[in-house]
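Here is my note on this model, as numbered points. Please read it with the structure open.

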Amino acid sequence: AARSHPRGCTNMAAPLARLLLLLALGRPAISGAQATEGAAAAPHRRFEYKYSFKGPHLVQADGTVPFWVHTGNAIPSADQIRITTSLKSQKGSVWTKNKSVFEYWEVEVTFRVTGRGRIGADGLAIWFTEEQGLEGPVFGAADKWNGVGIFFDSFDNDAKKNNPGVIVVGNNGKLLYDHQNDGSTQALASCQRDFRNKPYPVRVKITYYQKTLTVLINNGFTPDKEDYEFCAKVEDMVLPSQGYFGVSAATGGLADDHDVLSFLTFQLTEPGKEAPTPDAEIPQKDKEKYQEEFEHFQQELDKKKEEFQREHPDVQGQPADDVFETVSDRELRQIFEGQNRIHLEIKQLNRQLDMILDEQRKYVSAVTEEMAKRGAGFPGQQGQVSHQEIETVVKTQEEVIRQVKEIRSSVTDALRSISGAQHAGPAGRDIEHLVQRNAPSSEKQKCPELPPFPSCLSTTHFFIFVAVQTVLFIGYVMYR
């Protein structure tokens with residue numbers, strides 16, 4: 001039979017059990033109001049494209065990165081920026097062109113540090129400084145900076161066996177970096193992490209919010225982009241309200257490739273404060289200038305339209321879709337152009353084969369005449385050639401002839417395939433229809449004529465060719 005419990009005992013047992021559970025876990029109880037308050041304290045996060053870069057199509061036609069400037073040995077490419085190559089005594093850096101206009105920020109940097117040796121050098125640095133440190137002795141950037149640098153130091157200068165490591169160093173523009181001690185005497189925070197030669201790119205998230213700098217690292221062992229680990233934290237840190245973001249690297253006696261795949265910057269706004277709109281960041285003078293340029297462009301476009309309508313009165317009144325080709329028309333045109341290119345390449349190959357054969361005939365005839373002139377005076381030398389050598393020459397000539405036949409048959413099959421593709425099946429009819437539609441009505445489109453197929457090698461020519469080659473070989477043995 002089921003037993004009933006007094007209501008008072010049930011109400012007292014539940015809080016008691018909850019209290020014992022919390023004491024056993026060692027965690028304070030969090031009320032719903034406190035959880036809601038913590039969630040509401042999260043800052044507003046907005047992506048800033050003018051302070052970021054990411055592949056693919058990273059560089060422009062002139063080799064520059066939009067909104068960034070690179071110096072030294074830095075080499076931008078379509079997918080990444082190689083700050084330094086794995087050569088000795090290299091320095092490079094990349095910096096934003098404009099200062100940031102927000103107080104708090106967060107950056108996510110993805111990079112690779114790879115090298116052949118067990119130990120690398122020197123390292124890579126991520127910067128936020130009041131001025132651009134384009135070149136200098138501190139991981140390829142200038143010393144005496146005003147701001148903060150997060151250093152990924154590969155080489156153990158002080159022989160304490162604490163490298164590779166991550167070091168956070170602040171500066172007010174007056175201190176010289178302590179290279180001999182790996183910045184340990186100036187470090188505000190640090191952690192030991194091996195970031196070299198990882199299977200996946202290493203990711204670091206640096207957050208500066210309410211005068212607290214936090215560094216989180218993804219060690220590069222997994223493809224999970226959000227698998228961050230805590231590295232360092234600096235509280236009560238005052239940074240310039242506006243500054244430049246940058247990445248630099250350097251090599252020494254040892255060398256690594258330092259590649260930055262992406263640099264993403266986000267603006268952080270405190271709760272209760274409205275984030276500035278993108279229009280608010282543009283000065284009024286620039287807005288007026290852009291508006292004038294837009295109106296001028298619009299007027300030029302209208303003039304171009306009127307001129308086109310005067311020059312092409314037959315186009316007026318037609319639907320706009322007829323002026324542009326459709327996707328299917330473009331695909332058919334590309335197929336037709338590709339087949340024509342293949343056809344021209346095959347014709348060129350045929351011409352080259354004919355030229356090679358002509359040159360070989362001329363060479364054989366010239367050598368035969370020369371051997372006929374000189375061979376009359378040495379009738380007894382022919383017996384010195386072994387039968388095995390003659391068979392080797394014959395087999396070699398047969399192999400050459402077989403390869404030439406294979407090339408000719410391949411060319412013939414390709415030409416037949418192109419001819420069949422252009423005349424058979426729905427695709428061929430579509431191509432013919434496209435050509436007839438684009439051609440003038442008074443002309444009838446004709447398919448390109450195929451080149452004449454070369455005739456096969458007859459038995460008589462084969463034996464003549466073998467005999468000539470045998471005579472050449474005998475002459476070579478005689479005069480060797």
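1. D194 is partly exposed, with 43% relative accessible area. Here buried means under 20% relative accessible area, exposed means over 50%, and partly exposed lies in between (1.4 Å probe, protein chains only). D194 pairs with K198 in a salt bridge, at 3.8 Å from N to O. K198 is buried, at 14%. A salt bridge is a side-chain nitrogen of Lys or Arg within 4 Å of a carboxyl oxygen of Asp or Glu.

2. A word on the basis. This is a predicted model: local features need pLDDT of at least 70, side-chain atom pairs count only at pLDDT 80 or more, and totals for chains, interfaces and linings use all residues. Residues are numbered from 1 along each chain as its sequence is written, and side-chain values use heavy atoms, with hydrogens and water left out.

3. Now the overall picture. The protein has 480 residues, and 34% of them count as buried. It holds 7 helices and 16 strands. These are DSSP runs numbered from the N terminus: helices are H or I with at least four residues, strands are E with at least two. The accessible surface is about 30,700 Å², and carbon and sulfur atoms account for 54% of that. Such areas come from the Shrake-Rupley method with a 1.4 Å probe; for residues, only the protein chains shown count as cover.

4. Contact means heavy atoms within 4.5 Å.

5. The salt bridges number 12 in total. One of them joins R45 and E108, at 2.7 Å from N to O. R45 sits in strand β1 and E108 in strand β7 (residues 104-114), so this pair ties together parts that are 63 residues apart in sequence. Are the two partners buried or exposed? R45 is partly exposed, at 39% relative accessibility. E108 is buried, at 16%.

6. Another bridge connects two loops. K99 and E131 form a salt bridge, with the closest N and O atoms 3.9 Å apart. K99 is in the loop between β6 (91-96) and β7, while E131 is in the loop between β8 (123-129) and β9 (146-153). The two residues are 32 residues apart, and the pair links distant parts of the chain. K99 is partly exposed, at 27%. E131 counts as exposed, at 52%.

7. F47, Y49 and F67 make a nonpolar patch of about 310 Å². Patches are made of residues with over 30% relative accessible area and no salt bridge; like charges are joined within 9 Å, and nonpolar side chains (Val, Leu, Ile, Met, Phe, Trp, Tyr) within 5 Å. Y49 lies in the loop between β1 (44-47) and β2 (53-54).

8. Check the two cis peptide bonds listed here. One joins G55 and P56, with omega about 0°. P56 is in the loop between β2 and β3 (68-72). The other runs from N163 to P164, with omega near 0°. P164 is in the loop between β9 and β10 (165-172).

9. Which residues does D79 touch, leaving aside its neighbours within four places in sequence? D79 is in contact with G55, P56, L58 and L261. The C-alpha atoms of D79 and P56 are separated by 4.7 Å, although the residues are 23 apart along the chain. D79 itself is in the loop between β4 (75-76) and β5 (81-84).

10. Two backbone angles deserve a look. S89 is not a glycine, yet has a positive phi of about 55°. S89 lies in the loop between β5 and β6, and is exposed at 60%. A159, also not a glycine, has a positive phi of about 60°. A159 lies in the loop between β9 and β10, and is exposed at 63%.

11. Last, the record. The unreviewed UniProt entry lists residues 462-479 as "transmembrane region". UniProt positions are given in the numbering used here, feature names are shortened, and annotations may be inferred rather than shown by experiment. In the model, residues 462-479 are 94% helix and 0% strand. The end C-alpha atoms of this stretch are 26 Å apart.
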